[in-house]
Amino acid sequence: MKEADADERPESEEDVEHIPFSHTRYPEKEMAKRSQEFYELLNKRRSVRFISNEQVPMEVINNVIKAAGTAPSGAHTEPWTFVLVKDPDVKHKIREIIEKEEEINYMKRMGHRWVTDLKKLRTNWVKEYLDTAPVLILIFKQVHGFTPSGRKKVHYYNEISVSIACGILLAALQVTQTIVLKELALASFLNLQ
Ligand SMILES: Cc1cc2nc3c(=O)[nH]c(=O)nc-3n(C[C@H](O)[C@H](O)[C@H](O)COP(=O)(O)O)c2cc1C
């Protein structure tokens with residue numbers, strides 16, 4: 001088979017590393033207790049509009065990103081890229097880009113209804129926390145990938161797959177139960193826009 005043809009060949013089961021499935025089966029009472037506890041923990045999450053400048057342990061950040069990467073994805077394409085930014089100059093450039101876009105959102109792009117609906121949240125386009133937060137987590141969706149020879153590879157349902165990964169990231173941040181991380185959650189969230 002020519003190399004070009006090989007790229008066209010759909011991935012078969014033999015091409016994919018097998019990861020064994022392991023499952024713990026809990027009694028009904030235990031399932032109810034665990035689900036109640038998980039709900040109560042997630043129900044404590046809040047979007048706050050003040051951001052701590054305290055450092056966040058890298059081990060925690062790596063773990064929550066790894067948790068996000070366990071998300072299901074269309075045809076197992078895993079169409080996400082997580083980028084950590086700590087460099088002050090890069091954070092500032094990101095702030096400039098986001099503020100410019102957000103100002104357009106508030107001034108004309110999103111319209112009067114959106115601006116009115118957001119009034120109660122007292123938000124605007126100024127995002128100084130993008131300079132002061134110790135770490136930004138940028139989340140990119142990959143609208144397509146590449147085969148080893150550089151051909152385009154379709155990423156099915158890329159947007160919803162990345163959204164699920166973001167949800168898991170937020171839940172993982174909440175599970176760590178620290179104020180710093182809750183605030184970090186908002187910073188990472190806003191960068192999605
Ligand atoms: C897609 C999306 C976009 C959001 N954009 C913003 C935003 O630009 N600024 C902001 O302060 N909060 C933003 N939020 C947070 C929501 O305002 C917040 O989730 C909502 O008010 C409910 O509050 P809670 O997160 O504390 O439950 C956004 C949430 C989502 C899901």
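## Surface and overall make-up

The accessible surface of the protein comes to about 13800 Å², and 56% of this surface belongs to carbon and sulfur atoms. The model is a predicted one, and of its 193 residues 32% count as buried.

The secondary structure comes to 8 helices and 4 strands, and, read from the N terminus on, these elements follow the order α-α-α-β-α-α-α-β-β-β-α-α. Among the contacts between residues at least 6 apart in sequence, 72% join residues that are at least 24 apart.

Which residues of H7 are buried? They are Asn-158, Ser-161, Val-162, Ala-165, Cys-166, Leu-169, Leu-170, Ala-171, Ala-172, Leu-173 and Gln-174.

## Glu-99 in helix H4

Glu-99 has its place in helix H4, which covers residues 88-109. Is this residue buried or exposed? Glu-99 has a relative accessibility of 16%, and because buried means under 20%, Glu-99 counts as buried.

If its neighbours within four places in sequence are left aside, Glu-99 is in contact with Trp-125, Val-126, Lys-127 and Glu-128.

## Aromatic residues

The structure holds 2 aromatic pairs. In the pair of Tyr-106 and Trp-114, the ring centres are 4.9 Å apart and the ring planes stand at 65 degrees, and since planes over 60 degrees apart count as edge-to-face, this pair is edge-to-face.

The two partners fall into separate classes of accessibility: Tyr-106, at 13% relative accessibility, counts as buried, while Trp-114, at 22%, counts as partly exposed. Tyr-106 and Trp-114 also belong, together with Trp-125, to one aromatic cluster, and Trp-125 is one of the residues in contact with Glu-99.

Notes: Residues are numbered from 1 along each chain as its sequence is written. This is a predicted model: local features need pLDDT of at least 70, side-chain atom pairs count only at pLDDT 80 or more; totals for chains, interfaces and linings use all residues. Side-chain values use heavy atoms; hydrogens and water are left out. Buried means under 20% relative accessible area, exposed over 50%, partly exposed in between (1.4 Å probe, protein chains only). Helices (H or I, at least four residues) and strands (E, at least two) are DSSP runs, numbered from the N terminus. Contact means heavy atoms within 4.5 Å. Rings of Phe, Tyr and Trp (its six-membered ring) pair if their centres lie within 6.5 Å; planes under 30 degrees apart count as stacked, over 60 as edge-to-face and the rest as tilted. Accessible areas come from the Shrake-Rupley method with a 1.4 Å probe; for residues, only the protein chains shown count as cover.
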